[in-house]
2 protein chains.
Amino acid sequence: MITWNNLDTVKAYEALKGVAKVDLAKVMAGESGAARVKKYSVPMAEGMAYNYAAKQVDDDVLAALAALAEEMQLTEKFEALYNGEVINTGEKRMVLHHMTRGQLGNAVEADGGDKRAFYLNEQKKIAEFANKVHNGEITNAAGEKFTTVVQIGIGGSDLGPRAMYLALENWAKVNNTFKMEAKFISNVDPDDAAAVLAGVDVAHSIFVLVSKSGTTLETLTNESFVKDALKNAGLDASKHMIAVTSETSPLAKSADYLAAFFMDDYIGGRFSSTSGVGGAVLSLAFGPEVFAQFLDGAAAADKTATNKNIFENPALLDALIGVYERNVLGYQNTAVLPYSQALSRFPAHLQQLDMESNGKSVNRFGEPVNYVTGPVIFGEPGTNGQHSFYQLLHQGTDIIPLQFLGFKNSQMGTDVVIQGSTSQQKLCANVAAQIVAFACGKANDNRNKNFEGGRPSSIIIGEQLTPASLGALLSHFENKVMYQGFVWNINSFDQEGVQLGKVLAQKVLAHDTEGALSVYSDLLNI
Amino acid sequence: MITWNNLDTVKAYEALKGVAKVDLAKVMAGESGAARVKKYSVPMAEGMAYNYAAKQVDDDVLAALAALAEEMQLTEKFEALYNGEVINTGEKRMVLHHMTRGQLGNAVEADGGDKRAFYLNEQKKIAEFANKVHNGEITNAAGEKFTTVVQIGIGGSDLGPRAMYLALENWAKVNNTFKMEAKFISNVDPDDAAAVLAGVDVAHSIFVLVSKSGTTLETLTNESFVKDALKNAGLDASKHMIAVTSETSPLAKSADYLAAFFMDDYIGGRFSSTSGVGGAVLSLAFGPEVFAQFLDGAAAADKTATNKNIFENPALLDALIGVYERNVLGYQNTAVLPYSQALSRFPAHLQQLDMESNGKSVNRFGEPVNYVTGPVIFGEPGTNGQHSFYQLLHQGTDIIPLQFLGFKNSQMGTDVVIQGSTSQQKLCANVAAQIVAFACGKANDNRNKNFEGGRPSSIIIGEQLTPASLGALLSHFENKVMYQGFVWNINSFDQEGVQLGKVLAQKVLAHDTEGALSVYSDLLNI
């Protein structure tokens, strides 16, 4: 029997607050530090590891976090989620994105069928469609192969798929699985669509319209842009467009599309990269086999996320340490710092995933909570960030917890030796150095050159960024975010906070405004 | 006579803390809100305006901020800066980036010459070089025109120029001033250079190596990558590369470069977009006339930043309101939200500019300060952000001050009408709606759909994003950041916080490690 309680009503949370705080600079020094780096590591799927030695925890804090996990029944809640309980209490929906990529959990019946079979069938349809595009069975009207795929979507239909595409683009090129270039149109700013369309060969492009409801205004507006461009090129738009949507949307059975692939209300936008939302564009760009490897990696990480032992469950442990930093240590932000240029937009995806899921002030029953919830997430790739905002991370007046990502090997394998080391070695040396610099600091009598240390970080280390390890990384963070939502007792799956702005924007466009909104509308010439 | 005092020693700061706090949701409602939007606006250069109606201020707070500016001699400090006082106390350097773009201040003699003449001459040399590339006087060895320019640099040599290039790329295309496509290589990750080089036609590319010292390891490593690529293509690297560096750097007089353009120690990397660091790549990409317009816009904004009246000095007012939010209201972050896809990387530039300048814990004399300094800066373009992290901004447990940017007109002028409005109207309607939604909120008995409001924002409104308005925007934020540094009594012009990581990375590469660093090195296979 699961009970859903606010964090501040839980005994283990009171106990956690009473545990002595760790002096990170001290415990990370010398042999103690070396022992921590060896010990405080949890294996992850796909040969990766989550190393939390440089977090502000010790065995006592970890024991208190384990007790919190147990008292709050966190793995039981996760189990309930993937077995089809109505976890999205606000919208009264199940949360089933795990089913798009694996065998986790029991069969779930809904909408007159087995949901796992439904998702797998959509994936199969996408794979068949992509194969036909690649082998020339599906072509443009002139019988020529499509060379480019353009995704039209916003939010979860853009950030995740775009980040995944960029993460695998170079890997696919060197592994000879690169099929089609992908582009993305998202913003309602007309310059976004205009610029993308000016840069592609529309006659050889296939457009993927992604909107679950089929009513997202930005996306429908950009669809119209694309249709105009196709028409102006003398082309039949319906031969160049496919839809990824729900079966009940206006896009589902429309003759405007070459094909439609389905998702449903049980897959939230920010959790949809492993559904058709990511599946169509990634299968077209890299081939269905690459997308299948990505799903396998995600499924493997999902499996480790079910483990009741926090020391064998990296997503849960990562989540708990994050809660400790947020609610007990009082840190407001988390920086995500991938030492991989291919992950340049991965922080932007995590920013949505985390902030839209857990940026809430009421619990799952709609009652205000008396503690802070989701942090602000931001980040850029290292080493670039080192030459940018790391100054504040090292010497600013606030402490920002850090989440590093690093890989032993590059994706493309082209490298140069300068000053006795390869670029890849320099990249890895920098991330190792940063962890220690942040944790240990270095005293200097010149206070301007003094480093206090005590700035916590973790690192996920992998062999190489591949489709499988990318899938595992994505799943790790999805599961982390959901676990944190359970701790905060919030509904991580709705986004009521985006509604008011939409309503007011419609009023502006209808010239139905008064007060401040009316004057702003005038100033902006609307 | 200027005196440099810590913020917490200043009488006006004590007074400011005592001023009654503003109930933003209340004052922004109804006619009071309309009156605020009309009143709380300051003209900016290039026809823009800084509107701060939705900030948590009123006439009393503003009067206290004006008193703070006066007591702290902020405009006098700014004047001292641009007249060549040694403001960068840590490195004992003047701060002269304003001279790259205008006539602000007195003549400054250094390094055996007049600095203004020096910067203007370098700009002229760059313009002449760019014109020769464009008109075919300077070509590749086969006598063919260069079509692409690739900037090699990191931090300030990358983020600013890249953001400016992206901001003007489409504008230049529709205004027929687009000369060459630009690409950027920054990260020491070997996949960055490998991917960029695989995507350009090296035989028709000119590479701009940017490093003030000529010793930046990432940049020299990437130069080697580029030289290998040129050599592998059978080309003479010295006929494809130019350098932007200081006159004393090893790159300055090398036969390895077709030409070298100079900056100096008085121009910090994050303030260098208007020097040759931005000038070479932007002049090659868009022509020297466009770069000159950009400089003119920056110079015009610099001029408004000298005004002693805070209501006629948008950079100073913006700075003061930011300090009020940070030190009195206790907000830790600021989100920068441009409603313009062209400004997609402008927040990343501001993130460096602000966090590297003001993420400090000691004052300009090297003494610890007892108050918080620079905020965390993050942001993405709207409307994309609305479908991502705005949930937390609206309903999260922390308040995040917001800085919106919006333009009445798009850059490209291509648009579609859907549901009775253009995309540009929808874009502008959304930013107007967001400001009011954040400030006023909306009560709902369903607490999950309740909006507290009281979330402060400002907006800069311009006619169109052009070279001149972009220059003015850039300068606005540079001057804002410097003014905040004066209030916090810190040195905004050094970056000692990045040094420790560099030193430790060198130890890792030399296998001269122990303790935690040694184990991390092993885990990362270095």
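Predicted model: local features only at pLDDT ≥ 70, side-chain atom pairs only at ≥ 80, totals over all residues.
Start with the two chains. Chain A goes onto chain B by a rotation of 180° with 0.0 Å of shift along the axis, and the RMSD is 0.0 Å. That is the relation of a two-fold axis. Which residue of chain A comes closest to the rotation axis? A:Phe378 does, with its C-alpha at 3.2 Å.

Now the contact itself. Chain A puts in 126 residues and chain B puts in 127 residues. On the chain A side, helix H15, residues 423-440, gives the largest share, 15 residues. Sorted by class, that side of chain A has 55 nonpolar, 51 polar and 20 charged residues.

Next, the sheet in chain B. It is an open sheet of six strands, in the order E1-E2-E15-E12-E10-E11, with mixed pairing. The edges are E1, residues 41-43, and E11, residues 376-378; each has a single partner strand, so one side of each has no neighbour in the sheet. From one strand to the next the twist averages 15°.

Look at the E11 end. E10 of chain B, residues 333-339, pairs with E11(B) in the parallel sense, over three bridges. What stands opposite B:Thr334 in E11(B)? The residue there is B:Ile377. A helix also packs on this sheet: H12 of chain B, residues 314-328, touches E1, E2, E10 and E15 of chain B. The direction of H12 makes about 20° with that of E2(B).

On to the helix pairs. Two packed helices are described by the angle between their axes and the distance between the axes.

Take chain A and the pair H11, residues 288-304, with H16, residues 467-488. Their axes are 6 Å apart and the angle is about 40°. An angle of about 40° makes H11(A) oblique to H16(A); the cut-off for roughly parallel is under 35 degrees. The crossing of H11(A) and H16(A) is right-handed. On the H11(A) side the contact includes A:Val290, A:Phe294 and A:Asp302, and on the H16(A) side it includes A:Pro467, A:Leu474 and A:His476. By class, the contact of these two helices has eleven nonpolar, seven polar and two charged residues.

In chain B, the axes of H11 and H16 come within 6 Å and cross at roughly 40°. H11(B) and H16(B) are therefore oblique to each other, and their crossing is right-handed. Among the residues that meet there are B:Gln293 and B:Leu295 from H11(B), and B:Ser469 and B:Asn479 from H16(B). The residues of this contact divide into eleven nonpolar, seven polar and two charged.

The last pair is in chain A: H7, residues 159-174, and H13, residues 346-358. They pack at about 155°, with axes 8 Å apart. That angle makes H7(A) roughly antiparallel to H13(A). H7(A) passes H13(A) in a left-handed crossing. H7(A) contributes A:Leu159, A:Gly160, A:Ala163 and A:Ala167, and H13(A) contributes A:Phe346, A:Ala348, A:His349 and A:Gln352. How many of the residues in this contact are charged? There are no charged residues; the contact of H7(A) with H13(A) has five nonpolar and three polar.

How values were computed. Residues numbered from 1 in each chain as written. Chains lettered and ligands numbered in written order. Least-squares fit on C-alpha atoms with pLDDT ≥ 70 in both. Axes fitted to C-alpha atoms, helices over the stretch in contact; angles between N-to-C directions. Helix = DSSP H or I, 4+ residues; strand = E, 2+ residues; numbered from the N terminus. Parallel < 35°, antiparallel > 145°, perpendicular 65-115°, else oblique. Left-handed = near helix turned anticlockwise from the far one by under 90°. Contact = placed C-beta atoms within 7 Å. Nonpolar A, V, L, I, M, F, W, Y, C, P; charged D, E, K, R; others polar. Pairing = 2+ DSSP bridges.
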